[in-house]
Amino acid sequence: MAFMTIRKLLVANNKMFVRNRQNFVWTLFVPLVIMVIFGLVGFDKVPAVKIGIVSDHPTVATQSFIDGIKKIPNTTFIVESEVDARAALMKNNLAAVFIIPDNLMPDLSLFFAEVSPTGTPTPKVDISARLKALPTQTVTVLQNVGQAQSAATAGIILNQALDQTALSMTGGSAMFAVKNEQVSVKASRYIDFLMPGIVGMSLMQLAVFGVAFTFADFKEKGILKRLFATPMKPAQFVSAQVINRLMVSLVQTAILIAISMAMYHTHIYGAWWLLGIIVILGSIMFLGLGFAISGVAE
């Protein structure tokens with residue numbers, strides 16, 4: 001008897017679960033969306049290091065060296081003028097800039113005499129000794145202080161490439177030197193990245209879920225029918241709702257930014273009035289989505 005009761009209750013519960021659409025949303029759709037989003041983000045991927053290369057008129061050997069380091073994985077190299085590279089660095093678009101002398105790499109063909117009748121070039125002198133006698137070439141590295149970790153990675157890449165080149169040519173003699181210069185740009189920390197996302201999420205929740213759930217509740221309780229039975233026009237009611245949400249959005253954003261600046265010393269770059277316009281436009285966009293959802297909700 002007890003088993004039959006449990007079985008019937010189980011069947012009834014299964015029917016109620018299947019017939020409730022919200023159960024499918026929260027048990028299947030939402031977890032699936034979260035899994036897809038975080039799967040596409042790929043937190044395990046190593047971010048590419050953006051590096052600028054400056055070399056006005058490199059020799060053939062120097063250009064070969066530049067082409068070689070540009071093939072290093074997880075790096076993005078941009079060859080441009082020093083003025084443009086410094087401007088990109090100040091805009092925090094690059095982690096570092098390599099200023100490479102045009103004659104960084106010696107032309108090995110200068111160390112060979114005319115080709116012999118057999119087709120084999122005859123060295124004039126010992127190549128290794130001549131290379132050791134050459135003056136040390138200096139590569140200047142402009143490091144972005146705001147991207148300290150990426151800038152350090154860029155420096156390691158350059159030093160390894162120069163060390164391997166010197167080892168293959170002279171057996172390890174110091175042919176090259178690296179001069180590091182730190183450039184102060186707009187520093188960006190994790191909290192500076194996190195805070196705008198939290199503000200955007202709060203605006204979305206306030207506009208979408210606040211409007212959708214509120215109006216759905218008004219429908220269920222018959223409040224909308226009573227309101228529209230008054231001389232009030234629907235446009236007036238909606239306008240008041242929109243203005244109220246926009247005011248709350250501005251106050252909410254101001255409070256969140258003030259707390260983050262007081263507690264975590266976050267940096268706000270740009271005009272405050274432009275931030276206000278973005279908040280208003282973003283809220284209007286999410287409000288439209290919230291009204292659309294509430295309109296189709298039964």
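Modeller: A crossover is called right-handed if, with the strands pointing away from the viewer, the path from the first strand over the helix to the second runs clockwise. Please keep in mind that what we are looking at is a predicted model.

Colleague: Which elements make a right-handed β-α-β unit here?

Modeller: The unit is made by strand E1 and strand E2 together with helix H3, which covers residues 60-69.

Colleague: How do you know that E1 (residues 49-54) and E2 (residues 75-79) are joined?

Modeller: Two strands count as a pair if there are at least two bridges between them, and five bridges join E1 to E2, which run parallel; therefore they meet the criterion for pairing. As examples from these strands, Ile53 has Val79 in E2 as its bridge partner, while Ile51 stands opposite Phe77 in E2.

Colleague: What makes E2 an edge strand of the sheet?

Modeller: The open sheet has five strands in the order E2-E1-E3-E6-E7, with mixed pairing, and E2, like strand E7 (176-183), pairs on one side only. From one strand to the next, the twist averages 25 degrees.

Colleague: Why is Leu224 called buried?

Modeller: The relative accessible area of Leu224 is 11%, and a residue is called buried when this value is under 20%, so Leu224 falls within that class. Leu224 is found in helix H8 (residues 223-228), and, leaving aside its neighbours within four places in sequence, Leu224 is in contact with Phe215, Phe218, Lys219 and Phe237.

Colleague: How far apart are the C-alpha atoms of Leu224 and Phe237?

Modeller: These C-alpha atoms are separated by 9.9 Å, and the two residues are 13 residues apart along the chain.

Note on methods. Residues are numbered from 1 along each chain as its sequence is written. This is a predicted model: local features need pLDDT of at least 70, side-chain atom pairs count only at pLDDT 80 or more; totals for chains, interfaces and linings use all residues. Side-chain values use heavy atoms; hydrogens and water are left out. Helices (H or I, at least four residues) and strands (E, at least two) are DSSP runs, numbered from the N terminus. Axes are lines fitted to C-alpha atoms, for helices over the stretch in contact, and angles run from 0 to 180 degrees between N-to-C directions. Buried means under 20% relative accessible area, exposed over 50%, partly exposed in between (1.4 Å probe, protein chains only). Contact means heavy atoms within 4.5 Å.
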